[in-house]
Amino acid sequence: MREYSESKETCMTICLKYLLFIFNFFFWLAGGAVMAVGIWTLAEKSDYISLLQSNIYLATAYILVVAGAVVMITGILGCCATFREQRSLLKVYFILLLCIFLLEIIAGILACVYYQQLNNELKENLRNTIIKKYRKKGEERVTTAVDKLQQEFKCCGSHNYTDWSDSYWYKVEKEGRKVPDSCCKTMTDACGRRDHPSNIYKEGGCITKLGNFIQEHLIIIGAVGLSIAFVQIFGMCFTCCLYNSLKLEPY
């Protein structure tokens, strides 16, 4: 009876080891994907972050980068702990899994919360940012972001092109431009002097388009964070089972 019990425990341990190894392999790949999403958000879309009042969008991206890096390291540690059958390493591995789980849950929740309040924030702050900071000394990052926004999303002003007539830039503009050149459908030097619909993006402002763009990315960030967190539950379960199995086996 005892031989049967020991054989059964050994078989269970082997199965758990391979399950945990497979989990760690895919977990490592997922970590790379999570980190890539965070880095892509920071590298490709960082200009628009300067137009936002809140730092939540930036925080969620940084959390994903950190979580992704730790996931990749943890995946390697998990493989070592699994095949060496060391309970101390399994403890460390489980704690790291738990920390990553909490980080990704936080990122997912922040993305969901910010998704709800984003439109209100943009309505309250984007116009003020454009009016007060565009082409102002020391606000070069905002100027670059606004120009890029208007060209990429084919829009002009926060609500529409008339927002520019109240701006700091318009008051100091010496070359007769009615809107910045980045409002033009075909951007050339001083093209903003003519505000005819054939020349500039006269219909529609940038608030709605930027809001939709960021919301789409928040959905991606939230979905990635929560999905990986859900998968980690299985990893933590496998780890606990293997830990208990090793504890029960005779030395």
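This is a predicted model: local features need pLDDT of at least 70, side-chain atom pairs count only at pLDDT 80 or more; totals for chains, interfaces and linings use all residues.
Visitor: What secondary structure does the protein chain have?

Guide: Helices (H or I, at least four residues) and strands (E, at least two) are DSSP runs, numbered from the N terminus. Here you get seven helices and zero strands, so the pattern along the sequence reads α-α-α-α-α-α-α. The radius of gyration of the protein chain is 26 Å, well over the 18 Å that the globule rule gives for 251 residues, so the chain is more spread out than a compact globule. That radius is taken over C-alpha atoms, and the rule is 2.2 Å times the number of residues to the power 0.38. The C-alpha atoms fill a box of roughly 95 × 30 × 30 Å along the principal axes.

Visitor: What percentage of the 251 residues count as buried?

Guide: Buried means under 20% relative accessible area, exposed over 50%, and partly exposed in between (1.4 Å probe, protein chains only). For the protein chain, 45% of the 251 residues are buried.

Visitor: Now the rings. How many aromatic pairs are there?

Guide: A pair of aromatic rings is described by the distance of the centres and the angle of the planes. Rings of Phe, Tyr and Trp (its six-membered ring) pair if their centres lie within 6.5 Å; planes under 30 degrees apart are stacked, over 60 edge-to-face, the rest tilted. That rule gives six aromatic pairs. One of them joins Y134 and W169: centres 6.2 Å apart and planes at 80°, so edge-to-face. Y134 sits in the loop between α4 (87-133) and α5 (140-152), and W169 in helix α6 (residues 168-172), 35 residues apart.

Visitor: Are Y134 and W169 buried or exposed?

Guide: Both are buried. W169 also pairs with Y170, with centres 6.4 Å apart and planes at 55°, so that pair is tilted. W169 has 3% relative accessibility, whereas Y170 is partly exposed at 35%.

Visitor: Which residues form one aromatic cluster?

Guide: Y134, W164, W169 and Y170.

Definitions and conventions
Residues are numbered from 1 along each chain as its sequence is written. Side-chain values use heavy atoms; hydrogens and water are left out.
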